[in-house]
Amino acid sequence: MEKWTSLTNTYKKRQQAYVMIKVIDILLLVVSAFLLLYIFILNRDTLLQMILIIFIIASAAIFLIYHYVATKKQALAQTTAIEKLVLLNEQGQEVQEWSLTDETSLLIGKKTVDYQPKIDLSHAEYAALINTEHALLNCVDGIWYVEDIDSVNGVGIRKPYRHLTQKLKQENPCAIGYGDILYIANTKIIAK
């Protein structure tokens with residue numbers, strides 16, 4: 001139960017940080033407007049005006065590029081929503097699948113008397129390398145996140161357009177999208 005509380009707190013902190021960033025953006029715009037008013041109306045120093053124009057253009061370019069990239073990432077995540085996870089064997093053949101419909105959180109691990117994960121990898125090829133509580137999947141605002149739960153052999157993710165696998169740090173959720181391959185130890189699960 002502590003892990004669920006910890007995850008909920010993590011997501012709440014991220015939401016608060018997002019709101020704080022928006023407030024800071026608004027404050028920066030207000031301060032910039034007053035600065036422009038002062039420099040271009042009250043002060044007539046042309047050198048200062050030229051420096052400010054260059055600074056404004058550079059700042060606007062950085063701001064627009066950042067928001068363009070963030071919007072593209074969010075749109076990509078929403079348009080490529082995943083509906084299921086599919087277990088792959090060494091030859092890349094589909095062995096088993098789990099539907100994500102009507103789910104908000106899934107535990108990945110091995111079934112024991114005490115643990116009943118929704119995604120049971122007890123019969124996977126590399127089951128010996130998988131912990132009983134290995135990873136956690138959570139859905140927030142329609143986007144699925146995977147998180148390593150203090151596993152011995154780790155969790156990795158490989159995006160469909162990359163050749164390298166990114167190993168996840170513990171308690172640091174990572175968004176997953178369509179075509180991503182999750183590595184639970186050496187076991188491959190693809191998001192579809």
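Among contacts (heavy atoms within 4.5 Å) between residues at least 6 apart in sequence, 44% join residues at least 24 apart. This is a predicted model, where local features need pLDDT of at least 70, side-chain atom pairs count only at pLDDT 80 or more, and totals for chains, interfaces and linings use all residues. Residues are numbered from 1 along each chain as its sequence is written, and side-chain values use heavy atoms, with hydrogens and water left out.

**Overall build**
- The chain has a radius of gyration of 23 Å, while a compact globule of 192 residues would come in near 16 Å; the radius is taken over C-alpha atoms, and the globule rule is 2.2 Å times the number of residues to the power 0.38.
- Along the principal axes, the C-alpha atoms fill a box of roughly 75 × 35 × 30 Å.
- Buried residues make up 32% of the 192; buried means under 20% relative accessible area, exposed over 50%, and partly exposed in between, using a 1.4 Å probe and protein chains only.

**Helices and strands**
- You'll find two helices and eleven strands here, with helices (H or I, at least four residues) and strands (E, at least two) being DSSP runs numbered from the N terminus.
- Reading from the N terminus, the order is α-α-β-β-β-β-β-β-β-β-β-β-β.
- Five strands make an open sheet of mixed pairing, ordered β4-β3-β5-β6-β9; strands pair if DSSP finds at least two bridges between them.
- Strand β3 (residues 105–109) runs parallel to β4, and two bridges join them.
- Gly 109 stands opposite Asp 120 in β4.

**Asp 25**
- Asp 25 belongs to helix α1 (residues 2–42).
- Although buried, Asp 25 has no salt bridge, and Lys 22, the nearest side chain of opposite charge, is 4.5 Å away.
- A salt bridge here needs a side-chain nitrogen of Lys or Arg within 4 Å of a carboxyl oxygen of Asp or Glu; Lys and Arg count as positive, Asp and Glu as negative, and His and the chain ends are not counted.
- Leaving aside residues up to four places away in sequence, Asp 25 touches Phe 63 and His 67.

**Cysteines**
- There are zero disulfides in the structure, a disulfide being a pair of cysteine sulfur atoms within 2.5 Å.
- Cys 139 is in no disulfide, and its nearest cysteine sulfur, that of Cys 174, is 15 Å away, too far for a bond.
- Cys 139 is partly exposed, at 25% relative accessible area, whereas Cys 174 is buried at 13%.
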